[in-house]
Amino acid sequence: MPSSPLVVALSGLSSTGKSTIASQLAVIFAPPLYILTVLHVDDFYKPQTELPYRKGLLDWDCAQCLDWPRLEHAVKNWRDGVEIKEGKTNPQPQFQKHPTAVAGEGIQKQEGNGITKALVEQLHAEAPTPKATDIPQRILILDGFLLFTPSVSSAFRSLLDLKILLRAPYADAKSRRESRSGYVTMEGWWEDPPGYFDKVVWPNYVEENKGFFVDGDVEGGVDERICEEEGVSVWVGKTDGLAKVLTWVAGEVKRIVEQNRS
């Protein structure tokens, strides 16, 4: 009997390496034992004309800018075995940005993030064998932001088997975000206006995720009781590099695969 399909939400602050991690997970959990699909939440933005404003600036970084019914429908279809056009099954490692940034800009490039071929091969070798070796374990990685925060419906959150929250110190995240030259959108081109990170990106992140941290301090300690109740795994490191983050995330995915075998 095949194992149940698993949905992994890889969420967190802009510029924390989510897309890079997602693309490497597709190599670690690869055929023939796994079929891993990456679904970039950036593909589910509402039209720019429907986005809200925050402090006089167009807000691309809040939960309200996403088409949640369409995203929920896609996840449910995937669970039912229906191919979803936005999904990328076992894609080659890629380094997409949010919403869709110019190649080569912003977040750490492959050669500078500490992730090596040897590390990925080692993590692949350590991937557990699914329950039915003749039927691949299906995994869906949702690569996005604010995927399981209070603004997201409980119905959507109930679809998630593993909730992972990546974080970065304020200064690092701001530097990475502001190093990006701009973004390709459905309507054309978007550049963060001056002060966008401080007025929009960071406040949205804090408001939506403060409940997972002691005293609401998103740069402080994790509230383990709340995270356990909500089923959220939070990266506790800060500036340790993406290689360590990838190793940790892969370990979390392995954990639910092993639970799924029993």
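Modeller: Two strands count as paired if DSSP finds at least two bridges between them. Keep that in mind for this model, which is predicted.

Colleague: What makes strand 2 and strand 6 a pair?

Modeller: 7 bridges join strand 2 to strand 6. The cut-off is at least two, so the two strands pair. They run parallel.

Colleague: Which strands pair with strand 7, and in what sense?

Modeller: Strand 1 is one partner, through 5 bridges in the parallel sense. Strand 10 is another, joined by 3 bridges and also running parallel. Both counts meet the cut-off of at least two, so both are pairs. Leucine 10 has isoleucine 164 of strand 7 as its bridge partner. Leucine 165 has valine 234 of strand 10.

Colleague: How do you know that strand 7 is mostly covered?

Modeller: Count its residues, 162-166: 5 of 5 are buried. On one side sit Leu162, Ile164 and Leu166. On the other are Lys163 and Leu165. All of these are buried, and both faces are covered.

Colleague: Now helix 5. Which of its residues are buried, and why are they said to line one face?

Modeller: In helix 5, residues 170-178, the buried ones are Ala173, Arg176 and Arg177. Look down the helix axis: they fall within an arc of 95 degrees, so they line one face. In general, an α-helix has 3.6 residues a turn, so residues three or four places apart point the same way.

Colleague: What do the buried residues of helix 5 pack against?

Modeller: They pack against strand 8, residues 183-184, and helix 6, residues 196-209.

Colleague: And what sits in the loop between helix 5 and strand 8?

Modeller: Glycine 182 is found there. Its relative accessibility is 0%, under the 20% limit, so glycine 182 is buried. Its C-alpha lies 10.0 Å from that of proline 193, which is 11 residues away in sequence.

Colleague: What makes cysteine 65 and cysteine 227 count as buried?

Modeller: Cysteine 65 has a relative accessible area of 0%. Cysteine 227 has 5%. Both values are under 20%, so both residues are buried.

Colleague: How do you know which residues are best connected in the largest nonpolar core?

Modeller: Among its 49 residues, Leu39, Val75, Leu142 and Phe156 touch the most other members. Elements giving at least two residues each include strand 1, helix 2 and helix 7. Helix 6 gives the most, with 6 residues. There is also a second, separate core of 32 residues, with Ala22, Phe29, Ile115 and Leu123 among them.

Colleague: What about the backbone? What makes the bond between proline 31 and proline 32 stand out?

Modeller: The peptide bond joining them is cis, with omega about 10 degrees. Proline 32 lies in the loop between helix 1 and strand 2.

Colleague: Where are lysine 55 and leucine 146, and what is noted about phi in each?

Modeller: Lysine 55 lies in the loop between strand 3 and strand 4. Its phi is near 50 degrees, a positive value in a residue other than glycine. Leucine 146 lies in the loop between strand 6 and helix 4. Its phi is also positive, about 50 degrees, and it is not a glycine.

Colleague: Which of these two is buried and which exposed?

Modeller: Lysine 55 has 60% relative accessibility, over the 50% limit, so lysine 55 is exposed. Leucine 146 has 5%, under 20%, so leucine 146 is buried.

Colleague: And how much of the whole chain is buried?

Modeller: Buried residues make up 52% of the 262 residues. The chain has 8 helices and 10 strands. It exposes about 11700 Å², and carbon and sulfur atoms supply 51% of that.

Technical notes:
Residues are numbered from 1 along each chain as its sequence is written. This is a predicted model: local features need pLDDT of at least 70, side-chain atom pairs count only at pLDDT 80 or more; totals for chains, interfaces and linings use all residues. Side-chain values use heavy atoms; hydrogens and water are left out. Helices (H or I, at least four residues) and strands (E, at least two) are DSSP runs, numbered from the N terminus. Buried means under 20% relative accessible area, exposed over 50%, partly exposed in between (1.4 Å probe, protein chains only). Accessible areas come from the Shrake-Rupley method with a 1.4 Å probe; for residues, only the protein chains shown count as cover. The arc is that of the directions from the helix axis to the C-beta atoms. Contact means heavy atoms within 4.5 Å. A nonpolar core is a set of buried Ala, Val, Leu, Ile, Met, Phe, Trp, Tyr and Cys residues joined through side-chain atoms within 4.5 Å.
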